[in-house]
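Subject: Structure handover

Hello,

Here is the structure for you to look at. My notes on what was found in it follow below.

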Amino acid sequence: MDITDALAPTSDQLDAVELVNPRTFTIDDGCRLGTRDGKTVAEIRLAGFPRVWRPSKGMLDVLARCWGTDGKAWVGRSVTLYNDPDVTFGKDKVGGIRISHLSHIDGPKTVAIRGRGQGARKIQWKVEPLPDAPKPPTEADVNACTDRETLRAWWQANPALQAAIKARVDALDIGPGSQEPTE
């Protein structure tokens, strides 16, 4: 029995304690700047996750240096987050969310991020590349494909292409007794 969901706190944001294991998320649309305790914060929507991620200033430094400052351009990109138990709040170690991997970078990156407190020295933060997610097939890909298993996988994952996939299967003339891809 996996108790990960039971560990989720009652909160309006992703919390570090939920990241028992590192987890990769895809950035969704609807990201925005918000205000929390009188301060401006980034609220990043994560596909398939019900609450926002509010990255620390240091992790925003990583995102800005690696992906640029236009949050709308981040949609569809992926980030691996983990709970770093050494993150402090004041003098207490409380844990916090850190970035370990990003998609859409061409190799490992080292980014200078702000340290703790005003006037703190910069910290060198390392981030590794995530393989970019494969692009969904196009109608041209469907028309060029001759592999029945690939067409079946595309049928299940791409409802918008099902008519084109059916037409391609029909055009392949696979032989008697063949069946169309099924859902």
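E7 and E9 run parallel and are joined by two bridges. Strands pair if DSSP finds at least two bridges between them. Helices (H or I, at least four residues) and strands (E, at least two) are DSSP runs, numbered from the N terminus.

Before the rest, the ground rules. This is a predicted model, so local features need pLDDT of at least 70 and side-chain atom pairs count only at pLDDT 80 or more, while totals for chains, interfaces and linings use all residues. Residues are numbered from 1 along each chain as its sequence is written, and side-chain values use heavy atoms, with hydrogens and water left out.

**Sheet and helix**

The open sheet has five strands in the order E1-E4-E7-E9-E8, and its pairing is mixed. E1 and E8 are the edge strands, each pairing on one side only. On average, neighbouring strands of this sheet are turned by 40° against each other, direction ignored. H1 packs on the sheet and touches E4, E7, E8 and E9. The direction of H1 makes about 135° with that of E8. Axes here are lines fitted to C-alpha atoms, for helices over the stretch in contact; angles run from 0 to 180 degrees between N-to-C directions. Contact means heavy atoms within 4.5 Å.

Which residues of H1 are buried? They are Gly 58, Met 59, Asp 61, Val 62, Leu 63, Cys 66 and Trp 67. Buried means under 20% relative accessible area, exposed over 50%, and partly exposed in between (1.4 Å probe, protein chains only). Just after H1, Gly 68 takes a positive phi of about 95°.

**Cores**

The largest nonpolar core has 25 residues. Trp 53, Val 62, Ile 99 and Leu 102 have the most contacts inside it. Helix H1 (57-67) and strands E4 (78-84), E7 (96-102), E8 (109-113) and E9 (123-129) each supply at least two residues of this core. H1 gives the most, with five residues. A second, separate core has eight residues, including Val 142, Cys 145, Ala 164 and Val 169. A nonpolar core is a set of buried Ala, Val, Leu, Ile, Met, Phe, Trp, Tyr and Cys residues joined through side-chain atoms within 4.5 Å.

Trp 53 touches residues that include Leu 14, Ala 42, Leu 46, Leu 63, Val 79 and Ile 99, leaving out residues up to four places away in sequence.

Leu 46 sits in the loop between strand E3 (39-43) and H1. Leu 46 is buried, because its relative accessible area is 2%. Beyond four places in sequence, Leu 46 is in contact with Leu 14, Phe 25, Thr 26, Ile 27, Asp 28 and Trp 53. Leu 46 and Ser 78 are 32 residues apart in sequence and 9.2 Å apart in space, C-alpha to C-alpha.

**Aromatic pairs**

How many aromatic pairs does a search of the whole structure find? It finds two. Rings of Phe, Tyr and Trp (its six-membered ring) pair if their centres lie within 6.5 Å; planes under 30 degrees apart count as stacked, over 60 as edge-to-face and the rest as tilted.

- Phe 25 and Phe 49 are edge-to-face, at 5.6 Å centre to centre with 80° between the planes. This pair links distant parts of the chain: Phe 25 is in strand E1 (residues 23-26) and Phe 49 in the loop between E3 and H1, 24 residues apart. Phe 25 and Phe 49 are buried.
- Trp 67 and Trp 74 have ring centres 6.0 Å apart and planes at 55°, so the pair is tilted. Trp 67 and Trp 74 are both buried.

**Hairpin, loop and cysteines**

Strand E2 (residues 32-36) pairs with E3 in the antiparallel sense over five bridges. Gly 34 stands opposite Val 41 in E3. The hairpin of E2 and E3 has two residues between the strands, and Asp 37 takes a positive phi near 55° there.

His 104 is not a glycine, yet has a positive phi of about 60°. His 104 lies in the loop between E7 and E8. His 104 counts as partly exposed, because its relative accessibility is 38%.

The disulfide count is zero, where a disulfide is a pair of cysteine sulfur atoms within 2.5 Å. Cys 31 is partly exposed, at 28% relative accessible area. Cys 66 is buried, at 16%.

Best wishes
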